[in-house]
Amino acid sequence: MVLDFEKGLEKAMEINPYIFSLLVDYGFEIDETTDAETLDRFLGEYNWDDGFAVPYLITSHPNCELATAVNAFWLAEGFVYFSDSFWSTSQGAEAQWKEFVVFITENILGGAYKKGKLPYPKRWAEELRMDIKKKQTGNPNDLIEPILYGLGSAWE
């Protein structure tokens, strides 16, 4: 999988036609040259109640590192991707959330994000371990292990 800023921008505009106003409101400037640290900081400062346009833009950027993508996965409560109830039909804002969770999860598992110099969001490590223990049957190892191994020492 290859990340594409232009496609991410198109998707962000589809979700929120006022994406540029939203970026201005936050003081975010995102273009093709935005670096990984800035993208990570913007994701951390973003209020997810404002929708998924900005997270799509950040996580579809070629400079988005694996650490930022994993943080987005957790902030979007992406772990539900591995539950049977996630795949039932949804509409409206829930459909946008579901679409983002599929996008971020499949890009992480597909190796779209490079492991860079940003630190991994360690605060999620223990939660992940606990969820895996609680939901053994609902979380196939072939989907969980790539996330764990992709994060290296942050999970040790």
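Which residues of helix 5 are buried? In the predicted model examined here, they are Leu66, Ala67, Thr68, Ala69, Val70, Asn71, Ala72, Phe73 and Trp74. Helix 5, which spans residues 66-75, is thus mostly covered, with nine of its ten residues buried. Just after helix 5, the backbone at Glu77 adopts a positive phi of about 55 degrees.

The chain as a whole contains eight helices and zero strands, and its pattern along the sequence reads α-α-α-α-α-α-α-α. Of its 156 residues, 47% count as buried. Among the contacts in the chain with a separation of 6 or more, 74% are made by residues 24 or more positions apart.

In soluble globular proteins, nonpolar side chains tend to be buried together. In the present model, the largest nonpolar core has 36 residues. The residues with the most contacts inside this core are Ile30, Trp48, Val54, Phe100, Ile104, Ile108 and Tyr113. Two or more residues each are given to the core by helix 1, helix 2 (19-26), helix 3, helix 4, helix 5 and helix 6. Helix 5 gives the most, with six residues.

Aromatic residues were considered next. A pair of aromatic rings is described by the distance of the centres and the angle of the planes. With ring centres required to lie within 6.5 Å, the count comes to eleven aromatic pairs. One of the pairs is formed by Trp48 and Phe100, with 5.8 Å from centre to centre and 70 degrees between the planes. The arrangement is edge-to-face because an angle over 60 degrees between the planes is classed in this way. This pair links distant parts of the chain, 52 residues apart: Trp48 lies in the loop between helix 3 (36-45) and helix 4 (53-59), whereas Phe100 belongs to helix 6 (residues 92-109). Both Trp48 and Phe100 are buried. Trp48 and Phe100 also take part in one aromatic cluster together with Tyr26, Phe28, Phe42, Tyr46, Phe52, Tyr56 and Phe103.

The largest pocket has a volume of about 150 Å³. Its lining consists of Val2, Leu3, Asp4, Lys7, Gly8, Lys11, Tyr56, Ser60, Phe103 and Asn107. Helix 1 (5-15) and helix 6 are the elements that give two or more residues to this lining, and helix 1 gives the most, with three residues. By residue class, the lining divides into four nonpolar, three polar and three charged residues.

Among the lining residues is Lys11, which is placed in helix 1. Lys11 counts as buried because its relative accessibility of 15% is under 20%. When neighbours within four places in sequence are left aside, Lys11 is in contact with Tyr56 and Glu99. Tyr56 also lines the largest pocket and belongs to the aromatic cluster.

Gly110 and Gly111 are placed in the loop between helix 6 and helix 7 (125-134). Gly111 counts as exposed because its relative accessibility, 52%, is over 50%. Gly110, at 42% relative accessibility, counts as partly exposed. The C-alpha atoms of Gly111 and Leu66 are separated by 8.7 Å, although the two residues are 45 residues apart along the chain. For Gly110 and Val2, 108 residues apart in sequence, the C-alpha to C-alpha distance is 9.4 Å.

Asn63 is located in the loop between helix 4 and helix 5 and, at 26% relative accessibility, counts as partly exposed. Its C-alpha atom is separated by 8.2 Å from that of Thr33, which is 30 residues apart from Asn63 along the chain. Residues up to four places away in sequence not being counted, Asn63 touches Glu32, Thr33, Thr34, Asp35, Ala36, Leu39 and Lys114.

Key: Residues are numbered from 1 along each chain as its sequence is written. This is a predicted model: local features need pLDDT of at least 70, side-chain atom pairs count only at pLDDT 80 or more; totals for chains, interfaces and linings use all residues. Side-chain values use heavy atoms; hydrogens and water are left out. Rings of Phe, Tyr and Trp (its six-membered ring) pair if their centres lie within 6.5 Å; planes under 30 degrees apart count as stacked, over 60 as edge-to-face and the rest as tilted. Helices (H or I, at least four residues) and strands (E, at least two) are DSSP runs, numbered from the N terminus. Buried means under 20% relative accessible area, exposed over 50%, partly exposed in between (1.4 Å probe, protein chains only). On a 1 Å grid over the protein atoms alone, a cavity is a set of points where a 1.4 Å probe fits but cannot get out, and a pocket is an open set with protein on both sides within 12 Å along at least five of seven lines; lining residues have an atom within 4 Å of a point. Grid points are joined across faces, edges and corners, and a volume is the space filled by probe spheres set on the points. Ala, Val, Leu, Ile, Met, Phe, Trp, Tyr, Cys and Pro count as nonpolar, Asp, Glu, Lys and Arg as charged, and the others, Gly among them, as polar. A nonpolar core is a set of buried Ala, Val, Leu, Ile, Met, Phe, Trp, Tyr and Cys residues joined through side-chain atoms within 4.5 Å. Contact means heavy atoms within 4.5 Å.
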